[in-house]
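This report goes through one protein model, topic by topic. Please look over the sequence and the structure before reading on.

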Amino acid sequence: MSNIIELVLKNQSVRIEKGELISFKVDDYEFIHQKGSPGWSSSDTEMFPIIGPVNEVNFQVQTLNGISCQDQHGHLRQMEYDLTSSSSKKASYKKTYKSGTQIKNSKFPKKSTIEWMDWPYSFEFEKVFELTDLGLSIDFIVLGDKNMPFMLGYHPTFKINTATPTIHMNTTEITLDEVLAVGSRALQVPDCEFITLKDEKDITIKTEGFGHFMCWTEVRNMVCIEPISFYPYAVAQEHIHKGFQSLKDKTRFKVLISPDT
């Protein structure tokens with residue numbers, strides 16, 4: 001049985017593999033970075049319950065329920081999604097975590113010194129894709145222990161087809177060279193709810209709940225435009241807990257990937 005779900009609406013088509021967005025086409029034009037192309041081995045993922053590295057503090061993250069062992073961008077990405085429902089235009093996925101469960105770190109031992117990660121809170125994390133007339137809507141719904149600290153970042157990667165693409169927000173323009181110059185830290189775009197990538201064809205990423213973006217690439221054929229709740233390099237790693245939100249109830253974050261036609 002194939003793990004790939006396909007959504008179609010008029011001239012738009014989406015392909016999802018185990019909860020990962022691997023294709024978004026409009027009139028057969030591909031907007032998403034393809035696995036196997038230079039730059040990154042994935043096409044999208046989530047950063048949860050932390051964003052950013054913690055290697056300088058021995059991978060220890062402070063919470064009200066004690067110290068957690070986390071690697072860069074959190075342990076959610078190490079878990080597999082379960083498909084909970086699908087139709088021709090919509091697909092829902094879920095990850096469920098029980099407090100204290102050890103999660104294997106795929107970066108160990110080549111890229112990390114820790115083999116297992118854990119989190120002292122239980123949660124459910126839902127990711128819902130839906131094609132609409134405005135584009136591809138992606139909702140993230142977080143439900144968990146009351147007052148659970150967390151950050152959330154979405155990490156989609158867009159294919160670049162021209163030599164000089166630009167990134168626009170309000171009246172500001174960012175060049176690909178500016179993103180490249182920042183390197184692995186990713187370029188901070190604070191207090192922003194929408195960004196347009198201007199390339200051979202333009203696409204706009206609109207958000208609700210995140211509040212900020214960061215942009216990352218180390219090659220010229222792709223760029224990650226990432227909605228984030230907190231920019232991790234705003235503080236030293238030992239203070240990363242200062243970027244946490246506190247979960248009060250079921251919380252929803254929204255992303256709309258909208259082609260400019």
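Which residues do ring pairs link into a cluster? The cluster consists of Phe48, Tyr97, Phe123, Phe125, Phe140, Phe150, Tyr154, Phe210 and Phe253. The model is a predicted one, and the values below are computed from it.

## Aromatic rings

A pair of aromatic rings is described by the distance of the centres and the angle of the planes. The structure has 16 aromatic pairs. One of them joins Phe140 and Tyr154, with ring centres 5.0 Å apart and planes at 50 degrees to each other, which makes the pair tilted.

The charged end of Lys95 is placed over the ring of Tyr81, at 4.2 Å from the ring centre.

Rolling a probe the size of a water molecule over the atoms shows where empty space is left. The largest pocket holds about 1,100 Å³ of space. It is lined by 34 residues, and those closest to its centre are Trp40, Ser41, Ser42, Thr45 and Arg77. Sorted by class, this lining of the largest pocket comprises 14 charged, 11 polar and nine nonpolar residues.

The second largest pocket has about 170 Å³ of space. Its lining is made up of 10 residues, with Ser2, Asn3, Lys18, Leu83 and Tyr93 nearest the centre. Five residues of the lining of the second largest pocket are nonpolar, three are charged and two are polar.

Is Leu187 buried or exposed? Leu187 counts as buried because its relative accessibility is 18%, and buried means under 20%. This residue lies in strand S19, which covers residues 187–189.

Which residues does Leu187 touch, leaving out those up to four places away in sequence? The contacts are with Ile174, Val179, Val182, Phe213, Met214 and Cys215. A separate distance concerns Tyr231: this residue is 44 residues from Leu187 along the chain, and the C-alpha atoms of the two are separated by 9.4 Å.

Definitions and conventions: Residues numbered from 1 in each chain as written. Predicted model: local features only at pLDDT ≥ 70, side-chain atom pairs only at ≥ 80, totals over all residues. Heavy atoms only, no water. Phe/Tyr/Trp six-rings, centres within 6.5 Å; stacked < 30°, edge-to-face > 60°. Lys NZ or Arg CZ within 6 Å of the ring centre and 35° of its normal. 1 Å grid on protein atoms, 1.4 Å probe; cavity = no way out; pocket = protein on both sides within 12 Å on 5 of 7 lines; lining within 4 Å. Points joined across faces, edges and corners; volume = space filled by probe spheres on them. Nonpolar A, V, L, I, M, F, W, Y, C, P; charged D, E, K, R; others polar. Helix = DSSP H or I, 4+ residues; strand = E, 2+ residues; numbered from the N terminus. Buried < 20%, exposed > 50% of the residue type's maximum accessible area, 1.4 Å probe, protein only. Contact = heavy atoms within 4.5 Å.
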